[in-house]
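Subject: Structure for you to look at

Hello,

Here is the structure I said I would pass on. Please open it first and keep it beside you while you read the notes below.

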Amino acid sequence: AAPAPAAVAAVAAAAPAADVGAAPSAAPAPARDEGEVQVDPEAIAALEAEPPELDSESLASVLSFLKETAISMGLQRRGLRALSMLAYQDASKCTEAKADRLCLEAIRRHPNTVAEVQAIKALANMAYEPAGAALLAADHNLVGQVARAVAVGGERGTQARELLARLCVADSAAHIALIEAATSPAGTALAVADVDPFATCILDLVENEVLEWAVAATALVQRTGHCPGPLAAGRAGLLIRRLCEAEEAGVEAGDALMATGAVAALVVAMRGFPESVEAQIGCIDGLSFLVGTFWFDRLHEVAKTGAIGEILAAVQRHRKDPRMQARGLRALASYGRWPEHVKEVAGLDPLTVLRCARSAMERHTGHAEAAGAAMSVLSRYAQAPALNQDIVRHEIIRDGGLEMVKVVASSPSASAETKDLAAQLVRVVTPAA
């Protein structure tokens, strides 16, 4: 596990943690949907019953076989296996014959199958020679297809990562297609698991000195600031988060992203899609993990860009969404510990945050993450010496606030942390009640 943000803190999507970065739980990544090709099962059966001849030692025969059997996954696997062997023997001959086009067609028609695995293996063999790799890498559509295959995981993902490394060696711009694939929308919901394979791939490329952090960070920051849609913005934020929380490379990744303007890019993305909860959540995660534990220099940079105000605006705008309340309030929970110069630049009104926390607690009492994040704000602000405690305590206990705290703490969904924070809060504010 990586260092977790304490200053602008992220909230876990599942188990709430102190405002510092437990990883959100997420459902498994959905299968890739690249446009299923509708075919006639009877036509496939007829083709497989009487397939065309295949001479596995003749490139012309193999290419013809692949063209004629495109609709059959089983026959494509057979033809691609033969192509893979030919590419192993003479990679340049296969690339010159544009065999990669047939591999891409097989990937498009038969995603998540053994045919796709064979297609990627054939491409990897074609890319074994530098000349062949350069020809393949020049086709950014091909690079994008391979990058998307990384997200599938398993043997396909492993093969795709190895191929992508060869393409990135051959073409210094190939990593851009990887970044674009990583931030392309997948489905309609945001999940950390969707970006994990891409983060792993980038980390591997950097570790093996195929890609430099400065280059990767520049591409990701440019993409973040010019995302084509809200889900892309959310995924960009999550990818930044995953890179920053990497156990060994996270600090270096964060430094590179900060140096190339990641904070400003995330703010641009938040402002570009204010109505999208997915965009706001992903970008807040990115900001939170960029800051890191007590790295107040980074926090000051975040404050200067107006990011703190954007987080609060997102909390206020999406009051009905418990996920947004959880992420946003966790990010603001440690405000009382921020250095004074950061507070001045951020221009955050702690009373407004307290009122948002109370509202979230009332609205989402049974939602463990949202109620827990709200409790964290109330408890931490009530114990922050830098804040005017008379005003803070009045805001917390007015209109039955203390009773509401006890109700949330006694809820079956309340976590141990929430109960502990509630107990601390009651002890602190009761004398002033």
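Glutamine 280 lies in helix H16. The model is a predicted one, and in it this glutamine is buried, with a relative accessible area of 1%. Which residues does glutamine 280 contact, once its neighbours within four places in sequence are left aside? They are Met270, Phe273, Pro274, Glu310, Ala314, His318 and Met324.

An α-helix has 3.6 residues a turn, so residues three or four places apart point the same way.

H13 covers residues 230-244, which is 15 residues. From its first C-alpha to its last it reaches 21 Å, close to the 21 Å expected at 1.5 Å a residue. Is H13 enclosed by the rest of the structure or open? Because 14 of its 15 residues are buried, H13 is largely enclosed.

Now the chain as a whole. It has 25 helices and 0 strands. Of its 433 residues, 56% count as buried. Among contacts with a separation of 6 or more, 73% are between residues 24 or more positions apart. The chain exposes about 17600 Å², and carbon and sulfur atoms supply 52% of that area.

In soluble globular proteins, nonpolar side chains tend to be buried together. The largest nonpolar core here has 140 residues, and Leu83, Met126, Leu329 and Tyr381 have the most contacts inside it. H16 gives this core its largest share, 9 residues. Not counting residues up to four places away in sequence, Tyr381 touches a list that includes Leu332, Tyr335, Pro350, Leu387 and Val392.

Last, the cysteines. How many disulfides does a search of the whole structure find? The count is 0. A disulfide requires sulfur atoms within 2.5 Å. The sulfur of cysteine 201 is 7.0 Å from its closest cysteine sulfur, in cysteine 168, so the two are too far apart for a bond. For cysteine 283 the closest cysteine sulfur is in cysteine 227, at 7.2 Å, which is also too far for a bond. Both cysteines count as buried: cysteine 201 at 1% relative accessibility and cysteine 283 at 0%.

Regards

Definitions and conventions
Residues numbered from 1 in each chain as written. Predicted model: local features only at pLDDT ≥ 70, side-chain atom pairs only at ≥ 80, totals over all residues. Heavy atoms only, no water. Helix = DSSP H or I, 4+ residues; strand = E, 2+ residues; numbered from the N terminus. Expected span 1.5 Å × (residues − 1). Buried < 20%, exposed > 50% of the residue type's maximum accessible area, 1.4 Å probe, protein only. Contact = heavy atoms within 4.5 Å. Areas by Shrake-Rupley, 256 points an atom, 1.4 Å probe, with all protein chains shown as cover. Core = buried A, V, L, I, M, F, W, Y, C linked by side-chain atoms within 4.5 Å.
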